Amino acid sequence: MPSEKRDAPQKILILGGTAEALALAEQLVADGHQVTTSLAGRTVDPVMPVGAVRIGGFGGAEGLASYLREEGFDRMIDATHPFARRISENAIKASAMSGIPLEQRLRPRWQKQPSDRWKAVRTLTAAADALPVGATVFLALGRQYLDAFAGRNDCRFVIRMVDPPETPLVFANHMLVLGKPASDPEREADLLTAHGITHLVCRNSGGPAGYAKIIAARRLALPVIIIERD
Ligand code: NAP
């Protein structure tokens with residue numbers, strides 16, 4: 001990553017919640033900047049970035065613009081997850097309202113490799129519809145993306161979540177795997193094999209953190225229903 005060194009130290013707000021945002025905060029602090037990372041507060045026990053941290057929504061674009069002005073930030077960097085669209089839209093509006101410059105650091109999507117068996121879809125509903133009757137499905141999706149699959153009583157779901165759900169899931173046939181994805185494709189492949197997975201469903205999030213499951217599916221020649229972002 002190129003150096004972020006500036007002539008004068010700056011006060012920088014990072015919209016975070018990703019591994020890339022953690023690395024960016026570390027680098028900017030090392031370069032002498034005063035850095036605050038903002039987290040939405042979705043994860044119970046998040047990895048804490050270097051520098052200052054604030055947690056929770058701003059109250060829309062206006063709230064974010066006020067926060068930027070009141071705290072005297074020199075610039076803002078959007079390093080949020082590529083599927084976190086609302087905060088990125090708010091960042092654009094808040095930058096326009098406050099006059100505080102915005103940089104976007106959104107990771108590129110994964111590219112299909114020749115031996116990948118991907119079916120690309122645009123929506124969660126389309127992903128649910130793409131599953132064949134009797135499939136054993138690994139859902140690598142956050143809690144807020146699961147409802148579209150609950151009606152598929154003819155499939156068995158293995159659902160990976162970082163934190164346990166606050167309310168019971170309404171799936172007829174499912175089991176939970178709690179924890180973060182492994183970075184080692186072998187471990188991801190072992191998990192998929194141990195559960196007899198026939199289909200993987202995930203979003204095309206890009207970045208290294210979730211890519212091991214894509215490699216694992218490739219090695220096992222498993223079909224992947226992949227939800228593309230717009
Ligand atoms: P979202 O739909 O774009 O945002 C919904 C609301 O949550 C925003 O309007 C904002 O509330 C608040 N928010 C989101 N990110 C925030 C941040 N970094 N700091 C302060 N407030 C934030 O976001 P999301 O998809 O729920 O994702 C939430 C966070 O989780 C993001 O920081 C993202 O980087 C991280 N994350 C998301 C995913 C994913 O799959 N979506 C995956 C991994 C990590 P106000 O309008 O009140 O300001």
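What covers the buried residues of α5? Hi everyone, let's start there. One note before we go on: this is a predicted model.

The cover over the buried residues of α5 includes β7 (136–140), β8 (156–161) and α6 (211–220). The helix itself spans residues 185–194, and its buried residues are P185, E188, A189 and L192. Looking down the axis of α5, you find those buried residues within an arc of 100°, so they line one face of the helix. Turn to the other side of α5, and there R187 and A194 are exposed.

Now have a look at the two ends. Where α5 starts, D184 has a side-chain oxygen that comes to within 2.9 Å of the backbone nitrogen of E186. Just past the helix, G196 adopts a positive phi of about 65°.

Let's move over to the ligand. It is surrounded by 22 residues, and the closest are G16, S38, F58, G59 and R203. By type, that shell splits into six nonpolar, 11 polar and five charged residues. Both β2 (34–39) and α3 (85–98) supply at least two shell residues each, and α3 gives the most, with four.

The protein backbone takes part here too. H81 has a polar backbone atom 2.9 Å from a ligand oxygen. For R85, a backbone N or O atom lies 3.3 Å from an oxygen of the ligand. With I87, a polar backbone atom and a ligand oxygen are 2.9 Å apart. As for burial, the ligand taken alone exposes 800 Å², and the protein buries 82% of that.

Definitions and conventions. Residues numbered from 1 in each chain as written. Predicted model: local features only at pLDDT ≥ 70, side-chain atom pairs only at ≥ 80, totals over all residues. Heavy atoms only, no water. Buried < 20%, exposed > 50% of the residue type's maximum accessible area, 1.4 Å probe, protein only. Arc of directions from axis to C-beta. Contact = heavy atoms within 4.5 Å. Polar contact = N/O pair within 3.5 Å; in protein donor to acceptor, adjacent residues only side chain to side chain. Near = heavy atom within 4 Å. Areas by Shrake-Rupley, 256 points an atom, 1.4 Å probe, with all protein chains shown as cover. Nonpolar A, V, L, I, M, F, W, Y, C, P; charged D, E, K, R; others polar.
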